[in-house]
Amino acid sequence: MKHIVFSLLFISQIFIANGQPTSIKTGKVESVTVYFNGASIVEKHSITLKEGNHTLVFENLPNSIDAGKTYLEGNNQVYILSNSVTHKTYDDINTDSRLTQLNDSIEKTQSELKINQYKIDALNTELALFQKNLYIGGSQTGVNITELQKASELYRIRQEDIYKRLSICNEKVQEINNLKSKLIKRKNEIFAHLTLLNAKLITQIQVSKTGTYNLNLIYFTGNAAWKPIYDIRVSEIGKAINLVQKGKILNNTNVDWKNVKMTLSTADPSLSIIRPELEVWELGHNKPLFKQKYESGRYDMDGEEEIQYKNTSGDVKRGFTFQVQKPEPTIIFVSELTNEFAISGLATIESNSDPKTLEITSYTMDAWYEYIAIPKIDNTPYLIAKTTAWKAIPLSDGPANIYIGNNFIGESYINMRSVTDTLEISMGRNKK
C-alpha cells in the first residue's frame, strides 16, 4: 500500500536565526486525507534558516495527536536531529497573552461596576433623606401659596435630577455587565481552544547551508473518520443500476477544514500491520488420567472403536479410535487492498459539527433481477438485484439508499464480507 497522508498545506515565510527556540504557529488546512479511523496532517512551511543548529517549536497542535506519528521532515540540507511532543501545562495556558489581557479587562469592568454601585447607593440615600423632609411649615402656622409653589418646584426638580442620575447609573451597570459577560465568554472560548490545541512539537535541526527550505510538519490524530454510503437508483425494473458512492465524514480534530482538497482512504493506520504468529497447540498435554486409562486398556468413550496394532518391535498394543464430525468451512471474501478516493472540488467541514456527506463518484452496472420469498419467515417476496460488475468497483461495507424511478424505497446494505462472484442487493418488498 502506498504511503497516504492527511495533507494540510500551509506555506509561511519565516526567517530563523541562531539562538533561542523559535515558535511557529500552525497554519491553514489545504488538503486532507481521512481514514476510517483518524487522519494524518501535513503542514508545509517555507523557512529561511542560517547555517548551524536550531530549535523549532510548532505550537497549537491538536491535543489528540499521536506523539509517535508526529515529526518534522527535512531534506538534504536540513538534518533532523530529534523530534519530541509535549503538552502545555495549566500554568502555561493561563499565562497566555490573550487570557492575560482578558483577565485585565474583566478586572477593570468589576472596578467600574463597584464605582457605579457606590453612585447608586449615594443617590438612593439622598432620595430617602429628601423624601423624609417633604413636610413644610409647622402645626400652628401655615404656608402661603408662593412659598408652597417654590418648595414644590424645588422638590420636583431635585427628585427628577436624582431619578435621572439613577437611571443613567443603572444603564451603565447593565452595559458593564453585558461587556463583562462577553469578556468572560471569550476567555472561556480561548481557554477551551488552548486546552484542545495544547500540543507542540519541539524539533532540533542542523542546517548545512543558509537558505530557504520547504519543510513538512506531519502529525496524526484519531479524532476524524469517514464511512461509505451509497445511493442505488434504477429507472425501472430490468434496467442497469446506477450506484452513487459517497463518504460521510466526521471532523473532531478541533481544526476547521475550509476549502480543502480532500481524499478518503479505506486504510486504518491505527491497526497493526505485523502479521500474527501461530503457536503450537499440544492436545492432551499433562493429562495423567488419560495416560493411565490408555495404558491400562480401560479407556471407554462413547462412539470409540477399540483396536489392536503392532509396533515396529512386534509387540501387540491396544489403542482406540473415534469419529470426529468435521464442520463445513465458512468462506469470507474481503478486499486485499486499500483504496483512495479523491473528492472533486474543494470541501469545507468545520470541526465538532455534524458529519458531512460528500459525493465520491458514480458507476453504472448491468444487473438482472429475481424475486425471493422465504414463507417460513415472511410471505412477502423481495426484489433482488444481482450483478457481477462489482469486481471492477472499489466497494466497502455500507448502507445504501434504494430509489426506483423517482421513489425512495428504503435503506438496504452492501455487505462485501459475504459477497461471492455475484453481488446481491435487496431492492425492497413487492406486496403485490
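These are my notebook entries on a predicted model, taken one topic at a time.

**Entry 1: the chain as a whole**

I began with the overall make-up and found four helices and 22 strands in the chain. Of the 432 residues, 35% are buried. I then looked up how far apart in sequence the contacting residues are: among contacts between residues at least 6 apart, 75% join residues at least 24 apart. For the surface, I noted that the chain exposes about 27,900 Å², with carbon and sulfur atoms supplying 51% of that area.

**Entry 2: the largest nonpolar core**

Next I asked which residues of the largest nonpolar core touch the most other members. The core has 23 residues, and the ones I wrote down are Ile232, Ile241, Leu243, Leu395, Ile414, Leu423 and Met427. I also listed the strands that each supply at least two residues of this core, and these are β10 (224–234), β11 (241–251), β17 (356–365), β19 (378–387), β20 (398–404) and β22 (423–429). As background, I kept in mind that nonpolar side chains tend to be buried together in soluble globular proteins.

I followed up isoleucine 241 and, leaving aside its neighbours within four places in sequence, found it in contact with Ile232, Arg233, Val234, Tyr363, Thr364, Met365, Ala367, Tyr369, Ala385 and Ile425.

**Entry 3: helix α2**

Helix α2 covers residues 97–132, and I checked its end-to-end span: at 1.5 Å a residue its 36 residues should span 52 Å, and the end C-alpha atoms are 53 Å apart, which agrees. I then looked up the buried residues of α2, which are Leu99, Leu102, Ile106, Thr109, Leu113, Asn116, Ile120, Leu123, Leu127 and Phe130. To read that list I recalled that an α-helix has 3.6 residues a turn, so residues three or four places apart point the same way.

Not counting residues up to four places away in sequence, threonine 109 touches Ile176, Leu179, Lys180 and Leu183.

**Entry 4: aromatic pairs**

I counted four aromatic pairs in the structure. One of them joins tryptophan 226 and phenylalanine 341, an edge-to-face pair with 6.1 Å between the centres and 75° between the planes. Tryptophan 226 lies in strand β10 and phenylalanine 341 in strand β15 (residues 340–342), so this pair ties together parts that are 115 residues apart in sequence. I found tryptophan 226 buried, with a relative accessible area of 4%, and phenylalanine 341 is buried too, at 6%.

I then turned to tyrosine 403 and phenylalanine 408, which form a tilted pair, 5.3 Å centre to centre with 55° between the planes. Here tyrosine 403 is buried, with a relative accessible area of 17%, whereas phenylalanine 408 is partly exposed, at 49%. I also recorded that Phe36, Trp226 and Phe341 form one aromatic cluster.

**Entry 5: charges over rings**

I looked for charged ends placed over aromatic rings and noted that arginine 233 lies over the face of tyrosine 403, at 3.9 Å from the ring centre. I also noted lysine 69, whose charged end sits over the ring of phenylalanine 220, 4.5 Å from its centre.

How far apart are lysine 258 and lysine 28 in sequence and in space? I found them 230 residues apart in sequence and 8.3 Å apart in space, C-alpha to C-alpha. Not counting residues up to four places away in sequence, lysine 258 touches Lys28, Val29, Ala347 and Thr348.

Conventions. Residues are numbered from 1 along each chain as its sequence is written. This is a predicted model: local features need pLDDT of at least 70, side-chain atom pairs count only at pLDDT 80 or more; totals for chains, interfaces and linings use all residues. Side-chain values use heavy atoms; hydrogens and water are left out. A nonpolar core is a set of buried Ala, Val, Leu, Ile, Met, Phe, Trp, Tyr and Cys residues joined through side-chain atoms within 4.5 Å. Buried means under 20% relative accessible area, exposed over 50%, partly exposed in between (1.4 Å probe, protein chains only). Contact means heavy atoms within 4.5 Å. The expected span of a helix is 1.5 Å times one less than its number of residues. Rings of Phe, Tyr and Trp (its six-membered ring) pair if their centres lie within 6.5 Å; planes under 30 degrees apart count as stacked, over 60 as edge-to-face and the rest as tilted. A charge sits over a ring if NZ of Lys or CZ of Arg is within 6 Å of the ring centre and within 35 degrees of the ring normal. Accessible areas come from the Shrake-Rupley method with a 1.4 Å probe; for residues, only the protein chains shown count as cover.
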